[in-house]
Amino acid sequence: MTTDGSLKILIAGAVGGLFNVITGHPLDTIKVRLQTMPHAYKGTWDTTKKLVLQEGPCSLYKVQILIGVMAPVIMAVPIFALGFLGFGFGKELVSEPHQESLTGTQMFLAGMFSGACTSIISAPVERIKCLLQIQLNFFTVIAGKSSHLTQVTAWQSMMAGGCAGMVHWAVALPVDTVKSKLQTSPLGHYPRGFRSAFVETVKKDGLSILYNGIVPVMLRAFPANAAFFCGVEVTMKFLDEHASWI
C-alpha cells in the first residue's frame with residue numbers, strides 16, 4: 001500500500017464501519033444483555049422478546065436511536081477507518097520488498113497491528129456502548145494489498161468478511177464476555193481489572209458463561225461483517241470512478 005491511497009482507504013473503511021454498526025447493533029445489544037445479565041434472560045429469543053415487549057423495538061438500538069446507537073455510529077468512522085488503514089500499514093511493515101502475497105503469519109501480525117491502532121479509541125466507546133445497552137427502558141480477512149481490493153466482487157467480499165467475522169467471534173467471545181462484565185461494573189468493583197472479573201465470573205457461573213451470547217454473536221457476525229466489506233468495496237469502486245484525484 002502506498003500513502004497515495006491512504007485517504008481513499010480511510011473513507012472506505014469509515015463507510016464500511018457505518019454499514020457494520022447499523023447492520024449488527026441490535027444483535028450486539030442482545031449479546032451484551034446475555035453477557036452481563038445471564039440470570040435475567042434464558043436465551044436469544046427470550047432476550048429479544050423481553051426487550052421489545054418491555055422496552056419497545058427501539059431498545060434493540062439502545063436507547064431511543066439518538067443515544068445508544070449514535071455512540072458507536074459516530075465513532076465507527078475513526079475506529080474502522082483507522083483499523084483499515086492500520087491493517088494496510090501493518091501489511092507493509094511485515095512484508096518483504098516487492099512481496100506479492102502475504103503468509104498467514106504476516107496477515108495475523110498485520111491484523112494485530114490494526115487492533116492495536118483501534119483499541120485506544122474503541123475501549124472507551126465500548127464502555128459507553130455497553131453501559132447504554134444494559135440500561136432498562138429510558139446499543140480479518142482482506143484480500144491482498146489495497147490496490148487489489150476492487151479485483152474481487154462485492155459478493156465475494158461479503159462472503160469473506162462474513163466468514164472472518166464468525167471465526168473471529170468463535171475465538172474472541174470469552175474475552176469479550178469478561179470485557180463486558182468489566183466495562184459495565186462500578187469503578188473499583190474489580191480491583192485487579194480483567195483478572196478479577198474473569199475469576200469472579202467463572203467462579204459464580206462456570207466456564208460456560210464465557211460463551212453466553214454465542215447465538216446472537218454468530219447471527220450478527222455474518223451480516224455485520226459482510227456489510228462492512230460490502231461498504232468498503234462499494235465505496236472504493238465509487239471513489240475509483242468518480243474521485244480518482246483522491
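Buried means under 20% relative accessible area, exposed means over 50%, and partly exposed lies in between (1.4 Å probe, protein chains only). I wrote that down before anything else.

**Setting up.** I am working with a predicted model, where local features need pLDDT of at least 70 and side-chain atom pairs count only at pLDDT 80 or more, while totals for chains, interfaces and linings use all residues. Residues are numbered from 1 along each chain as its sequence is written, and side-chain values use heavy atoms, with hydrogens and water left out.

**Entry 1: salt bridges.** I looked up the salt bridges (a side-chain nitrogen of Lys or Arg within 4 Å of a carboxyl oxygen of Asp or Glu). How many does the structure hold? I found 5. Side chains of opposite charge can pair when their charged atoms come close.

**Entry 2: Asp 46 and Lys 50.** These two form a salt bridge, with their closest N and O atoms 3.3 Å apart. They sit 4 residues apart in helix α2 (residues 44-55), so about one helical turn separates them. For helices I use DSSP runs (H or I, at least four residues), numbered from the N terminus. Asp 46 is buried at 14% relative accessibility, whereas Lys 50, at 24%, is partly exposed.

**Entry 3: around Asp 176.** Which side chain does Lys 31 meet in a salt bridge? My note says Asp 176, at 2.7 Å from N to O. Both Lys 31 and Asp 176 are buried, and for Asp 176 the relative accessibility is 9%. Asp 176 also has a salt bridge to Lys 179, at 3.7 Å from N to O. Because they are 3 residues apart in helix α5 (residues 154-184), Asp 176 and Lys 179 are separated by about one helical turn. Through shared partners, salt bridges join Asp 28, Lys 31, Asp 176 and Lys 179 into one network.

Entry 4: Leu 207 lies in the loop between α6 and α7 (214-242) and is exposed at 57% relative accessibility.

**Entry 5: Val 232.** Is Val 232 buried or exposed? I have it as buried, at 1% relative accessibility, and its place is in helix α7. Leaving aside neighbours within four places in sequence, Val 232 is in contact (heavy atoms within 4.5 Å) with Ala 12, Gly 13, Gly 16 and Phe 84. From Val 232 to Met 158 I noted 74 residues in sequence and 9.9 Å in space, C-alpha to C-alpha.

Terms used:
Helices (H or I, at least four residues) and strands (E, at least two) are DSSP runs, numbered from the N terminus.
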